[in-house]
Amino acid sequence: MASVNSLASTLQQQLADALTAALPDAGTADPLLRRSDRADFQANGILALAKKLKGNPRELASQVTAAIPAGDLIKEIEVSGPGFLNITLTDKAITETLAARAADDEGRLGVPYNSAAGTTVIDYAQPNVAKEMHVGHLRSAVIGDAMVQILEFTGESVVRRHHIGDWGTQFGMLIQYLTEHPAELTHEGDGGEVDGEAAMSSLNRLYKASRALFDSDEEFKARSRDRVVALQAGDEETLAMWQRFVDESKIYFYSVFNKLDMEIRDADIVGESGYNDMLEETCRILEESGVAVRSEGALCVFFDDVKGPDGNPAPLIVKKSNGGYGYAATDLSAVRDRVQNLKANTLLYVVDARQALHFKMVFETARRAGWLNEDVKAVHLPFGTVLGKDGKPFKTREGETIRLADLLDEAIDRASTVVREKAKDLTEDEITERATQVGIGAVKYADLSTSAARDYKFDLDQMVSLTGDTSVYIQYAHARSRSIKRKAGELKSRPHPELELAPAERALALHLDQFAEVVAEVAAAYEPHKLASYLYQLSSLFTTFYDQCPVLKPEVPGDVAENRLFLSDLTARTLHQGMELLGIRTPERL
Ligand code: ARG
């Protein structure tokens, strides 16, 4: 885990330091602290230490308790069970620690940088040229974008790579068709500015028409095959045609990413075609080093534990017997580029779980070739399938894949109903703006709040619900806090460590204090759903606090009101920061 500097030390860190110092085996033993229901924290590490020292755990626990100097941090410490420690902190320490976080002048809420930060190349948001984007592309984009934000926040250098599918034999057919029907990819009558939908629908039309011809007309099929050869040989006219497909598709991709409120930069789009120049060399290195061998004319890498359905070894094919290169050769070349040119320490792939075997074989091949090693690791962050409400893969009633753009529009539409119901003083423009933030936030949050590897049900009704584990619930908690602040007028947001905390204040404060640890953990394990769950819990603790601890009522003493306003503000800032890391907006009003 990231090291925590002293100014930003969390309560848990301070407590761990105090306990470690009191342990007989100081420095090597871990007190194994965790939050607990009975007290603020429980330490379970005494048991293991007693075993190691061959002593009685309860006796050791009592010794440790006695050795802890009385101070500002610990209010109560008691031995329980076979030798656990239950620890209650002082209210003063809690408030002071939060005050230090809030005062962090870098505006990072005291979240430290990872002292072991390096360079991560992340492969995410990789749709395919001339094809519609689907919900799988949504998941990669949403999870990948959150990981980019989270990693950058911890100080990691992040290089983004959008490995779009922009190469392959299907372009022969498309290009040949376009050569024979040049008018098909122009946008007459739309005044030059082409929107994403129009771009996609003309690509779709072209795809269908060329496919139909390809399947019915042998001569066209032959001309298409020649086109593939011309494309691979770098024929200029053919390449120019290919580029038109890529450009047209990008118009469409950008319109979807834009709707998703996500920044994708042109320079980071390095698709399969971007590695063409490396393929031959990649194969040569693999063959010369003996990592890949010829088998039935193809260049293959074999694995002991990978077998096909017939029980025979199923190799990774890097070069086909007809001389063509496939998906694997491109990915292996991309590994070389990312390690050798981009100087990555970590390669992270946010890709569908169904490609797990492909990546397992690619990574193992790269290890054998020495491109991956102890200093450079590759990680597949797999995600599960998006299911419909009925639990089956998400399709329209006609069995077609659902268009991503339609889905996002529908989410915004549902959200506007919710926003309209709540809105008292919002203008139509404001409603539209909020509905977009709520609707898109809902889709992203639903995607991020279950662990990525699991399948999840796409249920818009549930996603925009104001109750339950949803983004709008969190956005609403945030907006509530902002509203208190607006109404507070002259009242200052100011911590008062001398005050005793009410139970709801304490619970909120202890949870607020964990933000830095959660961020470090989420960044290290690539688990954005843990951040989502932290934020949801924070919102629900805030809701209880809001109900039980009034801020602006006249009977509340001034110092108590100031301290509550401080807690409420820090909650809003933490929610805002956390949601920003997930790529979700937190409007000031809802
Ligand atoms: N374009 C692929 C798809 O739609 C995903 C690419 C994943 N990245 C990679 N380096 N292979 O499934």
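Me: What share of the contacts in the chain with a separation of 6 or more comes from residues 24 or more positions apart?

Reply: In this predicted model, residues 24 or more positions apart account for 73% of those contacts. A pair counts as a contact if the C-beta atoms lie within 7 Å.

Me: What makes a residue "buried", and how many residues are in the chain?

Reply: A residue is called buried because 20 or more other C-beta atoms lie within 10 Å of its own. The chain has 590 residues, and 41% of them pass that test.

Me: Which residues of helix 17 are buried, and what do they pack against?

Reply: Helix 17 spans residues 503–512, and its buried residues are E505, R506, L508, A509, L510 and L512. They pack against helix 4 (91–102), helix 18 (515–525), helix 19 (528–548) and helix 20 (558–581).

Me: How many helices and strands does the chain have?

Reply: There are 20 helices and 13 strands.

Me: Why are strand 6 and strand 11 called edge strands?

Reply: Start with the sheet itself: it is open, has four strands in the order 6-5-10-11, and its pairing is parallel. Strand 6 (157–161) and strand 11 (377–383) each pair on one side only, and that puts them at the edges. On average, neighbouring strands of this sheet are turned by 20° against each other, direction ignored.

Me: How do you know that strand 5 and strand 6 pair?

Reply: Pairing takes at least two bridges. Five bridges join strand 5 (residues 119–123) to strand 6, so the two count as a pair, and they run parallel. On strand 6, R161 is the bridge partner of D123.

Me: Which helix packs on this sheet, and which strands does it touch?

Reply: Helix 12 (residues 356–368) does, touching strand 10 and strand 11. The direction of helix 12 makes about 180° with that of strand 11.

Me: What surrounds the ligand?

Reply: Its surroundings are D123, Q126, N128, H163, G165, D331, A334, Y349 and V351. Helix 11 (327–341) and strand 10 (346–352) each supply at least two residues of this shell.

Me: How many residues of the shell are nonpolar, polar and charged?

Reply: Three are nonpolar, four polar and two charged. Asp counts as charged, so D123 and D331 belong to that class.

Me: Where does UniProt list the 'HIGH' region, and what is the chain like there?

Reply: The unreviewed UniProt entry lists this short sequence motif at residues 127–137. Over that stretch the chain is 27% helix and 0% strand, with the end C-alpha atoms 6 Å apart.

Conventions: Residues numbered from 1 in each chain as written. Predicted model: local features only at pLDDT ≥ 70, side-chain atom pairs only at ≥ 80, totals over all residues. Near = placed C-beta within 6 Å. UniProt positions renumbered as here; feature names shortened; annotations may be inferred. Axes fitted to C-alpha atoms, helices over the stretch in contact; angles between N-to-C directions. Contact = placed C-beta atoms within 7 Å. Buried ≥ 20, exposed ≤ 12 C-beta atoms within 10 Å, placed from the backbone.
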